[in-house]
Amino acid sequence: MSAVPPDDRGFLLGDGLFETVLAIAGRPLFLDQHLARLARGCGVLGLPAPDDDVVRRAVDQALAGAGLLDARAAVRLTWTAGSGGRGLDRPAPVQPRLVATAAPAPAPLGLASLAMASIRRNQGSPASRLKTLAYLDNVLARREAAAAGADEAAMLNTMGEIACAAAANVFWVRGGRLFTPALDCGVLDGIARGQVLALAAAMGVETMEARAGTEALEAAEAVFLTNSLIGVRAVGRIEGRDLPPHALTKTLAAAWATLAASA
């Protein structure tokens with residue numbers, strides 16, 4: 001992997017985007033969806049999108065270089081605005097930089113625990129709905145959760161509405177219906193999030209993209225997290241309250257695993 005120069009705008013300013021792709025035995029899962037989301041994000045940030053074939057080769061090279069062609073791995077694709085001078089303005093023309101790395105990604109074990117973070121998502125910022133390189137709020141929220149003895153942080157937006165976890169989308173179940181925060185709550189349009197919504201709808205489960213406060217989690221029968229690395233992971237404890245296993249979470253986790261195996 002080539003070194004990132006000290007004038008790279010991703011390094012200096014967080015000017016860029018990233019994707020995290022699960023690879024199983026050298027096979028990147030749902031790469032088309034990740035590339036499509038990356039291209040949409042580039043449109044918002046005013047960056048040219050990377051060439052899909054170049055990215056695919058970079059994924060293969062990252063996995064081979066890390067010796068992970070036979071493993072469960074996370075491939076991190078970083079797309080920066082490239083090198084630039086001092087200050088905020090991008091140079092013209094922009095020459096983005098692609099960096100691809102791979103690392104082992106063991107499957108999560110057991111139930112997750114959640115703690116409410118004091119760090120708020122700024123739902124008014126377009127960055128709240130993108131995987132930008134500026135992830136400090138998420139880092140701080142996860143740090144708070146760890147200090148509270150939890151695996152993951154639940155984050156609210158500035159209106160006090162449930163938004164997401166530090167590195168996952170959040171779902172909850174109540175009265176046989178499946179809920180997740182609406183995208184305009186400051187939520188990333190997660191790949192697994194969309195897949196779970198589609199799987200649930202195909203099963204005849206009523207789904208709702210909602211605007212709700214913490215009372216929704218307090219009254220939930222079940223809570224689970226989704227992202228491309230963990231799939232569907234049940235939450236067993238939130239803010240000191242234990243949550244029993246729930247049949248819908250188990251069913252959706254199995255359905256997502258089947259979808260991933262066929263990808």
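The model is predicted, so local features need pLDDT of at least 70, side-chain atom pairs count only at pLDDT 80 or more, and totals for chains, interfaces and linings use all residues. Residues are numbered from 1 along each chain as its sequence is written, and side-chain values use heavy atoms, with hydrogens and water left out.

**Salt bridges**

- You'll find 13 salt bridges in the structure; the term means a side-chain nitrogen of Lys or Arg within 4 Å of a carboxyl oxygen of Asp or Glu.
- Take Arg9 and Asp15, whose side chains pair up with N to O at 2.9 Å. Arg9 is buried at 4% relative accessibility, and Asp15 is buried too, at 11%. (Buried means under 20% relative accessible area, exposed means over 50%, and partly exposed is in between, using a 1.4 Å probe and protein chains only.)
- Asp189 and Arg193 make another salt bridge, with their closest N and O atoms 4.0 Å apart. Here Asp189 is partly exposed at 31%, while Arg193 is buried at 3%.
- Asp242 bridges to Arg237, and the closest N and O atoms are 2.5 Å apart. Asp242 is exposed at 54%, whereas Arg237 is partly exposed at 37%.
- Shared partners also link salt bridges into one network made of Arg40, Asp189, Arg193 and Glu209.

**Nonpolar cores**

- The largest nonpolar core has 21 residues, and Leu178, Val196, Phe224, Leu252 and Trp256 touch the most other members. A core like this is a set of buried Ala, Val, Leu, Ile, Met, Phe, Trp, Tyr and Cys residues joined through side-chain atoms within 4.5 Å.
- At least two residues of this core come from each of E8, helix H5 (191–202), strand E11 (222–227) and helix H7 (247–261). (Helices, H or I with at least four residues, and strands, E with at least two, are DSSP runs numbered from the N terminus.)
- H5 gives the largest share of this core, six residues.
- Val196 has contacts with Phe171, Leu178, Phe224, Thr226, Val232, Leu252 and Trp256, leaving aside residues up to four places away in sequence. Contact means heavy atoms within 4.5 Å.

**A patch on the surface**

- Leu12 sits in helix H1 (residues 9–13).

**Two asparagines**

- Asn169 belongs to strand E8 (residues 169–174) and is buried at 6% relative accessibility.
- A polar atom of the Asn169 side chain is 3.1 Å from the backbone oxygen of Leu188.
- Beyond residues up to four places away in sequence, Asn169 touches Val187, Leu188, Gly190, Arg193, Phe224, Leu225 and Thr226.
- Asn122 is in the loop between strand E5 (112–121) and helix H4 (136–147), and at 44% it's partly exposed.
- Asn122 touches Ser128 and Thr158, again not counting residues up to four places away in sequence.
- Asn122 and Asp242 are 120 residues apart along the chain, and their C-alpha atoms are separated by 29 Å.

Note on methods:
Polar contact = N/O pair within 3.5 Å; in protein donor to acceptor, adjacent residues only side chain to side chain.
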